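Please keep the sequence and the coordinates at hand while reading.

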Amino acid sequence: MTDVQLNSNTTKPSRRRYLSALGLLGLSSWMIPSWVVAKKPEAMEAIAKIVGSNSIRDGRVKLIIPPLVESGNLVVLKLAVESPMTANDYVKAVHVIAEGNPLPNIFTAYFTPRSGRADLTTRVRLADSQRVWAIAQMSDGSFWQGYADTLVTLSACTELV
Amino acid sequence: MSKTSRTGITMPAQAQKDSIIEIRAIAQHDMETGYRYSEDGKRIPRDIIRLFTCQYNGEEVFRMDFYPGIGANPLIVFTTVAVASGTLEFKWVGDDGYEAVNHAQIIVS
C-alpha cells in the first residue's frame, strides 16, 4: 500500500528532497572547518603565554592596518611604539597577535637601543575580518598593548591551489 | 622552496653619525602557510622563513621571528642608528635548510 502511495505522488518527495538539499547547502556555507578560524580564546592564550603573570596596560603601542582590506593575503601593517629607546629604557620586543587567524601569532620583532625608533612596517596575512593586537614588552618588564580592527573581503589561507 | 632565493636590501650608503636610518629588506619566498590544500585534498606542508636578523659590525641590532601569518615575499622596514662606518649583515633562515645572507656597506661621517 505504501508503495502505491509513493508512486502515485512522486513529485512530492523529490520536491521535499530538493528543498532540504537546498537548505543544507545554505547551512554548509556557515559551517566553517574549525581549524580555519582560531577562536578568540586561542589568541588570548597566545597573549597569556607572552605576558605570563604580568598585567598589560593600554597605550603607547600604535598599530595601523587599513580599516577595509580587499585581499587578506597581503595587508600592510605598520607598528610604532612610544619609547625614548635609550640604553635604560627601550622596547625589547613587540608581539603581533591576530584573533581570527588559524595561528594567532603573526610575528615577533626584537628591538635594541640601537634601533633608534621602535617602528616597523611589514606585510601580513589575515584570514578574516578581525581585531589585531600588538603587545610591547619594555626593558623595565612592563607590557603595553594596542589594537586595530579591520574588515577583510577576501580571506587568506583558505583557498585551494 | 629552494635552499636560497633572491633577497634585497635598500638602505642609504652614507649617513650622518647618530642619525636614524631606514632599512628595507625583502626576500623572494612563497611563505607556504601549511593551512592550504591542493586540489586532490592533500595538505601542503608548511615552508616559511622563520628568522630574520640584522647585525651591524657583528653586533645584533634587530631580530624578527616569522610565523605563517607573514605574507608571501616578506618585506620588513625597520630602523637603526648609524653609529660607525662598516658592514651590515642580514640573514634569513627558514624551513628545509633555507638560508640567505645579504651584506651592505655604510659610510658614517
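Predicted model: local features only at pLDDT ≥ 70, side-chain atom pairs only at ≥ 80, totals over all residues.

Leaving aside neighbours within four places in sequence, A:Val94 is in contact with A:Leu79, A:Val81, A:Ala109, A:Ala134, A:Ile135 and A:Ala136. A:Val94 and A:Ala134, which is itself one of the contacts of A:Val94, are the residues with the most contacts inside the largest nonpolar core, a set of 58 residues.

## Composition of chain A

The secondary structure of chain A comprises 3 helices and 9 strands, and their order from the N terminus is α-α-α-β-β-β-β-β-β-β-β-β. Of its 161 residues, 37% count as buried. When contacts in chain A between residues at least 6 apart in sequence are taken together, 72% of them join residues at least 24 apart.

## Contact between the chains

The contact between the two chains draws 29 residues from chain A and 29 residues from chain B. On the side of chain B that touches chain A, the elements giving two or more residues are strand S5 (59-66) and strand S6 (75-81) of chain B, and S6(B) supplies the largest share, namely 7 residues. By residue class, this side of chain B divides into 19 nonpolar, 6 polar and 4 charged residues.

Which strand of chain A is joined to S5(B) by bridges? It is strand S6 of chain A, residues 105-110, which runs antiparallel to S5(B) and is joined to it by 4 bridges. Within this pairing, A:Thr108 has B:Asp65 as its bridge partner, while A:Ala109 has B:Met64.

## The hairpin in chain B

S5(B) is also joined by 6 bridges to strand S4 of chain B, residues 49-56, and these two strands run antiparallel. Here B:Leu51 stands opposite B:Asp65, the residue that is the bridge partner of A:Thr108. S4(B) and S5(B) form a hairpin with 2 residues between them, and B:Asn57 in the turn has a positive phi of about 50°.

## Two loop positions

Is A:Pro67 buried or exposed? A:Pro67 lies in the loop between strand S2 (61-64) and strand S3 (68-71) of chain A, and it counts as exposed because 9 other C-beta atoms lie within 10 Å, where the cut-off for exposed is 12 or fewer. A:Pro67 and A:Asp149 are 82 residues apart in sequence, yet their C-alpha atoms are 6.4 Å apart in space.

In chain B, B:Tyr98 is placed in the loop between strand S7 (86-94) and strand S8 (99-108). B:Tyr98 counts as partly exposed because it has 19 C-beta neighbours inside 10 Å, whereas a buried residue needs 20 or more. Not counting residues up to four places away in sequence, B:Tyr98 touches B:Met1, B:Lys3, B:Thr4, B:Ile49 and B:Val93. B:Tyr98 and B:Ile48 are 50 residues apart in sequence and 8.8 Å apart in space, C-alpha to C-alpha.

Technical notes:
Residues numbered from 1 in each chain as written. Chains lettered and ligands numbered in written order. Contact = placed C-beta atoms within 7 Å. Nonpolar A, V, L, I, M, F, W, Y, C, P; charged D, E, K, R; others polar. Pairing = 2+ DSSP bridges. Core = buried A, V, L, I, M, F, W, Y, C linked by C-beta atoms within 7 Å.
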